[in-house]
Amino acid sequence: MTVVYINIIILCLLVITAIAINQQDNLFATTMLTGIFSLLSASLFVCLDAVDVAFTEAAVGAGIALILFLGSLAFIKYKEKIENKVSVFGLITVILTGILLIYGIHDIPGFGVADNPVQTHLADKYIVGSSKEIGIPNLVTAVLASYRGYDTLGEVVVIFTAGIGVLMLLGRSRENYKGLIERED
Amino acid sequence: MFEIPTFMILLSMLLALVSAIIGKTIYDKILAVNIFGTVTVLFIALFGFLTKRPEFLDIALVYALINFISTVAILKFFEYGDISASSIEKEKGDI
């Protein structure tokens with residue numbers, strides 16, 4: 001029961017952080033609050049027993065993403081350009097999506113219930129059949145590299161693309177940049 | 001037994017968050033994020049003991065390392081205005 005209260009408190013803190021991020025107009029403050037948001041979600045993942053996801057979230061969200069945001073801040077201004085325009089279409093889309101997501105919650109099987117589909121037949125199949133089907137003694141490796149091989153390949157492609165994009169944006173040194181301008185002149 | 005410390009840690013998370021939101025200078029905010037990282041490390045360590053699985057302590061240690069790296073990156077950004085800058089003029093820098 002305590003864990004449920006902890007989850008509720010962390011979710012409330014997440015909501016407060018999200019509202020604060022939305023309200024700030026100083027981009028540096030927004031970056032700092034983003035770091036706090038990702039640390040909070042990492043704590044939430046630990047509470048939900050997804051320690052590996054929490055670890056990734058802390059490394060990527062609080063570590064790398066914060067540094068990348070700061071690197072981008074070095075190129076732009078600190079203050080956000082404020083536009084007091086409320087997009088009605090966007091608001092309706094967001095509210096409709098939210099309603100759809102809340103409606104979708106009813107179909108999800110209960111959290112950690114013993115007769116969920118994931119606990120009834122899938123795990124047993126992996127434990128019994130993986131050494132015969134795949135031939136890898138390590139169960140986790142068999143699941144990640146073979147049963148979910150396309151999923152893992154997709155993840156690797158996404159991360160590789162993101163890395164290339166970041167390198168193209170930030171990897172160019174200042175001297176080369178100046179050289180480019182001079183050549184255009 | 002570990003419930004009360006855990007809720008106290010959550011309370012200090014809230015206080016660090018308030019400090020990050022209403023802090024006037026950027027240094028308040030940097031300090032708030034650093035405190036928040038430390039409190040998260042403490043929370044994960046305590047949560048391991050709360051659920052009777054102290055193996056989470058290793059993860060808490062890794063969090064402490066990540067927290068240190070991001071604080072160094074933020075402070076370097078303020079010292080040189082650029083995280084890829086180097087302290088020695090002729091060098092190319094980190095990134």
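Visitor: In which loop does Asp49(A) have its place?

Guide: In this predicted model, Asp49(A) sits in the loop between helix H2 (27-47) and helix H3 (51-73) of chain A.

Visitor: What is to be noted about the phi of Asp49(A)?

Guide: The general idea comes first: most residues other than glycine have a negative phi. In the present case, Asp49(A) is not a glycine, yet its phi is positive, at about 70°. Its relative accessible area is 46%, so Asp49(A) is classed as partly exposed.

Visitor: How many helices and strands does chain B have?

Guide: Chain B comprises 3 helices and 0 strands, and its elements follow the order α-α-α from the N terminus. Of its 95 residues, 41% are counted as buried. Among the contacts in chain B with a separation of 6 or more, 40% join residues 24 or more positions apart.

Visitor: Is Ser70(B) buried or exposed?

Guide: The relative accessible area of Ser70(B) is 5%, and the cut-off for buried is under 20%; Ser70(B) is therefore buried. This serine lies in helix H3 (residues 56-80) of chain B. Leaving aside residues up to four places away in sequence, Ser70(B) touches Ala62(A) and Leu66(A).

Visitor: At what angle do helix H1 of chain A and helix H1 of chain B pack?

Guide: An angle under 35 degrees counts as roughly parallel. Helix H1 (residues 2-23) of chain A and helix H1 (residues 3-22) of chain B pack at about 0°, and their axes are 11 Å apart. H1(A) and H1(B) are therefore roughly parallel to each other.

Visitor: Which residues of H1(A) and H1(B) meet?

Guide: From H1(A), the residues are Thr2(A), Tyr5(A), Ile6(A), Ile9(A), Ile10(A), Leu13(A), Ile16(A), Thr17(A) and Ala20(A). They meet residues of H1(B), including Phe7(B), Leu10(B), Met13(B), Leu14(B) and Leu17(B). Sorted by class, the contact of H1(A) with H1(B) has 13 nonpolar, 3 polar and 1 charged residues.

Visitor: How many disulfides are there over all chains?

Guide: As a general idea, a disulfide is a covalent bond between the sulfur atoms of two cysteines. Here the sulfur atoms would have to lie within 2.5 Å, and the count over all chains is 0. Cys12(A) is in no disulfide, since the nearest cysteine sulfur, that of Cys47(A), is 13 Å away. Cys47(A) is likewise in no disulfide, with the sulfur of Cys12(A) as the nearest one, 13 Å away.

Visitor: Are Cys12(A) and Cys47(A) buried or exposed?

Guide: Cys12(A) has 44% relative accessibility and so counts as partly exposed. Cys47(A), with a relative accessible area of 8%, is buried.

Visitor: Where in chain A is confidence lowest, and where is it highest?

Guide: Chain A has an average pLDDT of 81, and 92% of its residues score at least 70. Confidence in chain A is lowest in helix H8 (residues 174-184), with a mean of 47, and highest in helix H4 (residues 88-104), at 93. The pLDDT is below 50 over residues 177-185 of chain A, a stretch with 2 contacts in the model beyond near neighbours in sequence.

Notes: Residues numbered from 1 in each chain as written. Chains lettered and ligands numbered in written order. Predicted model: local features only at pLDDT ≥ 70, side-chain atom pairs only at ≥ 80, totals over all residues. Heavy atoms only, no water. Axes fitted to C-alpha atoms, helices over the stretch in contact; angles between N-to-C directions. Helix = DSSP H or I, 4+ residues; strand = E, 2+ residues; numbered from the N terminus. Parallel < 35°, antiparallel > 145°, perpendicular 65-115°, else oblique. Contact = heavy atoms within 4.5 Å. Nonpolar A, V, L, I, M, F, W, Y, C, P; charged D, E, K, R; others polar. Buried < 20%, exposed > 50% of the residue type's maximum accessible area, 1.4 Å probe, protein only. pLDDT = per-residue confidence, 0-100.
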